[in-house]
Amino acid sequence: MSDIAAHLLRIEIGEDPAERLDKALAALVPEEAALSRSRLARLIAEGAVTRDGVAITDQKAKVAPGEVYMIAVEPPRAVETLAQDIPLTVLWEDEDLIVIDKPAGMVVHPAPGSEDGTLVNALLHHFGGRLSGIGGEARPGIVHRIDKETSGLLVVAKSDRAHHGLAAQFEKHTVHRHYTALVQGVPSAADPRLRGIRGVNFEQGGILKITSQLARHPTDRQRQAVLFTGGRHAVTRARTVEAFGGVAALMDCWLETGRTHQIRVHMAHVGHGLVGDPTYGGKRKLSVRAVGAAAAEAVANFPRQALHATTLGFTHPVTGEELSFTSPLPEDFEALLATLRAGPQIT
C-alpha cells in the first residue's frame, strides 16, 4: 500500500461463510464499495486485509464465523494519461456511465503511435476529476471499443460497479448493437456462391448469418483471420437495407459476439468487404454503368471503412433501467449514399 490515506472497511464473517477468504469477503463487502473478487485478491496479496491487526495475504485462507477483517482501500489513483480538451458528443451521462457518439478518426484508448487525442484523453478532461475508481484507478472504464475509423456509439463506465455490470452484459451477449455498413456487392440468399461458403447460412427473412472463429492473422498482426478451429467464437448477422445497381448494398449488421474487426473481416470472408476498408475491403471498383461516374469515384475515394455504430441498447448496470440510443449517419457517410442514390446520369 502507498502512503495515501486509505479508507477502512470492516467486514464481520457471518454464519455459513464461503470457505476461501476472497470469496467470503466478496460476498460481504457492501455494493457501493464496488470491490470485485479480482481486486479483493490483489488487496489481500498487497497486505491490505488484516485480522486482529495481522495481514492475511493468502486469498485461499479459511475463514470462520465471527471473525472480523479490515480492508484498507486506497482512494482511486490518478492515471498518467493526459486530459485533453477535445469536444465530445454526449448522449447520456450520470454518475456511473456515459454514452458517446464517437467521430471517425478518433482512437478509443491510448496506444503506441496514438498516445494522445484519444477518447480516453477527452473523457479525462470532460470528467474533470469526477471519476470513481475503476480497478483502483481514476480512469474511464472501457468495456468495448470501435475502430479508429468507425464512427458511432460507445458506452463507458465511470465507476467500478458500472464497469463490472456492463462487462458482464457484454460477456453474456445481452447488449444490443447494430451497425450500418456499405459493402461491395449485394448479399442474397439466392446466391449459390454465398451459400457455398463455410460458416454461412440464411435465417428467416433473408438474414445472413456468419459463424466462425476469429484470431490474429498468422503473418500480419494488424489483421484478424477467419478460422474454424481455435481462435474465438464469432457470430455476425446482416440484412440488406438498400441495393445500388447490383454492385453495392447498405447493410444492417448486428453482433452476437464482439470481436476485433468482426464485421469487417466477416463481410470480407463472404466476398462483400466494406467500402473504403483498407485492410479487408479489397480493390474492387464499382461499375460506372451501374452507379454512374460520380458514385463510382466517390466510392473509390471514400477514405475509411463505411461502418457506423448506429444503435446501442443495454440495461443500466446500477439502476436496472433499459436504455437505448441511436446515432444518425455522419455527414461523409450520408454524402456517399446520396451520390449512390442519384444513380447514373442519363444524357
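Strand β17 is mostly covered, with seven of its nine residues buried; buried here means under 20% relative accessible area, exposed means over 50%, and partly exposed lies in between, using a 1.4 Å probe and protein chains only. This is a predicted model, in which local features need pLDDT of at least 70 and side-chain atom pairs count only at pLDDT 80 or more, while totals for chains, interfaces and linings use all residues. Residues are numbered from 1 along each chain as its sequence is written, and side-chain values use heavy atoms, with hydrogens and water left out.

**The chain as a whole**

Let us step back for a moment. The chain has nine helices and 18 strands; these are DSSP runs numbered from the N terminus, with helices being H or I of at least four residues and strands being E of at least two. Along the principal axes, the C-alpha atoms fill a box of roughly 90 × 45 × 40 Å. Of the 347 residues in the chain, 45% are buried. Contacts, meaning heavy atoms within 4.5 Å, also tell us something about the fold: among those with a separation of 6 or more, 65% are between residues 24 or more positions apart.

The accessible surface comes to about 17200 Å², and carbon and sulfur atoms account for 50% of this area. Accessible areas come from the Shrake-Rupley method with a 1.4 Å probe, and for residues only the protein chains shown count as cover. The chain carries 37 positive and 40 negative charges, whose mean positions are 10 Å apart. In that count Lys and Arg are positive and Asp and Glu negative, with His and the chain ends not counted; each charge is placed at NZ of Lys, CZ of Arg, CG of Asp or CD of Glu.

Strands of a sheet pair through backbone hydrogen bonds, either parallel or antiparallel. Two strands are taken to pair if DSSP finds at least two bridges between them.

| Partner of β17 | Sense | Bridges | A residue pair |
|---|---|---|---|
| β10 | parallel | two bridges | serine 151 and histidine 308 |
| β18 (residues 322–326) | antiparallel | five bridges | threonine 315 and glutamate 322 |

β17 and β18 form a hairpin with six residues between the strands, and there glycine 320 takes a positive phi near 80 degrees.

**Helix α4 and what covers it**

Helix α4 covers residues 160–171, twelve in number, and reaches 16 Å from its first C-alpha to its last, close to the 16 Å expected at 1.5 Å a residue. That expected span is 1.5 Å times one less than the number of residues. The buried residues of α4 are Asp160, Ala162, His163, Gly165, Leu166, Gln169 and Phe170. Their cover includes α2 (37–45), β9 (141–142), β10 (151–157), β11 (176–184) and β17 (307–315).

Glutamine 169, in α4, counts as buried because its relative accessibility is 12%. Leaving aside residues up to four places away in sequence, glutamine 169 touches Thr174, Val175, Phe314, Thr315 and Pro317. Histidine 164 also sits in helix α4, but histidine 164 is partly exposed, with a relative accessible area of 32%. From histidine 164 to serine 36 the C-alpha distance is 7.7 Å, although the two are 128 residues apart in sequence.

After α4 comes histidine 173, which is found in the loop between α4 and β11. Histidine 173 is not a glycine, yet has a positive phi of about 60 degrees. With a relative accessible area of 39%, histidine 173 is partly exposed.

**A sheet of four strands**

Elsewhere in the chain, an open sheet of four strands has the order β1-β4-β2-β3, with antiparallel pairing. Its edge strands, each pairing on one side only, are β1 (7–12) and β3 (54–55). Strand β2 (residues 49–51) is joined to strand β4 (residues 68–73) by three bridges in the antiparallel sense, and valine 49 stands opposite isoleucine 71 in β4.

The loop between β2 and β3 holds aspartate 52. Aspartate 52 has a positive phi of about 55 degrees without being a glycine, and is exposed at a relative accessible area of 74%.
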